[in-house]
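Visitor: I'd like a close look at a single part of this protein. Please pick a spot, tell me what it touches, and then show me how the rest is put together around it.

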Amino acid sequence: MEKLLMVWVTEKQLQGDTLTQTIICEKARAIYGYLLKQTPQTSIDEASEESFKASRGWFENFKKRSGIHSVVRHGEAASSDMKAAEDYIKTFSDLIKAQGYISQQVFNCDETGLFWKKDAE
């Protein structure tokens, strides 16, 4: 099921579609249900469509097993302008060279907390 899901995720990513955890989990449940219907059941086998929940834990483990990291885009990433971002890489690189910064001085502060201690008076 996960191999089929990865094929689908890859296709969607190549098409530039926005994928969220919810969308991927819904597709996983749909694929599981389809495969379950294609598999002959025995009286001992208690598998049912309800037995696979595609939970948050499953999703996190799926990401680790499949090695996907940037597939799931949401918020700002889902609506980003890729061309503008690519153009800015050169502009930013030129700025770093012009100002004489070294790589240790360049970092992303988007989700970094900044704390400082006030000097004792």
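**Starting from Val106**

Guide: Leaving aside residues up to four places away in sequence, Val106 touches Phe92, Ile96 and Tyr101. Keep in mind that this is a predicted model. Val106 sits in the segment that follows helix 4, which covers residues 82-99. Is Val106 buried, exposed or something in between? Its relative accessibility is 30%, so it counts as partly exposed; the buried class stops at under 20% and the exposed class begins at over 50%.

Now zoom out. Of its 121 residues, 16% count as buried. If you take the contacts between residues at least 6 apart in sequence, 62% of them join residues at least 24 apart.

Helix 1 runs over residues 2-14, which makes 13 residues, and its end C-alpha atoms are 18 Å apart, close to the 18 Å expected at 1.5 Å a residue. Its buried residues include Leu5, Trp8 and Val9. Look down the axis and the buried residues of helix 1 fall within an arc of 100°, so they line one face. On the other side of helix 1 you'll find Lys3 and Leu14, both exposed. What does the buried side of helix 1 pack against? The partners are helix 2 (21-38) and helix 3 (56-66). Just past the end of helix 1, Gly16 has a positive phi of about 80°.

On to helix 2. It has 18 residues, which should span 26 Å at 1.5 Å a residue, and the distance between its end C-alpha atoms agrees at 26 Å. The buried residues here are Ile24, Cys25, Ala28, Ile31, Gly33 and Leu36, and they pack against helix 1 and helix 3.

Between helix 2 and helix 3 there's a loop, and Ala54 lies in it. Ala54 is worth a click: its phi is near 50°, a positive value in a residue other than glycine. Where Val106 is partly exposed, Ala54 has a relative accessibility of 7% and therefore counts as buried.

After helix 3 ends, Gly67 comes next with a positive phi of about 80°.

So how do these helices meet? Start with helix 2 and helix 3: their axes come within 11 Å and cross at roughly 95°. The 65 to 115 degree range counts as roughly perpendicular, and these two helices are therefore described that way. From the helix 2 side the contact uses Gln21, Ile24, Cys25 and Ala28; helix 3 brings Arg56, Trp58, Phe59 and Phe62. Sorted by class, the residues in this contact are six nonpolar, one polar and one charged.

Helix 1 meets helix 3 too. Here the axes come within 12 Å and cross at roughly 80°, which makes this pair roughly perpendicular as well. Helix 1 contributes Glu2, Leu5 and Met6, and they meet Trp58, Phe62, Arg65 and Ser66 of helix 3. By class, that contact has four nonpolar, one polar and two charged residues.

Note on methods: Residues numbered from 1 in each chain as written. Predicted model: local features only at pLDDT ≥ 70, side-chain atom pairs only at ≥ 80, totals over all residues. Heavy atoms only, no water. Helix = DSSP H or I, 4+ residues; strand = E, 2+ residues; numbered from the N terminus. Expected span 1.5 Å × (residues − 1). Buried < 20%, exposed > 50% of the residue type's maximum accessible area, 1.4 Å probe, protein only. Arc of directions from axis to C-beta. Contact = heavy atoms within 4.5 Å. Axes fitted to C-alpha atoms, helices over the stretch in contact; angles between N-to-C directions. Parallel < 35°, antiparallel > 145°, perpendicular 65-115°, else oblique. Nonpolar A, V, L, I, M, F, W, Y, C, P; charged D, E, K, R; others polar.
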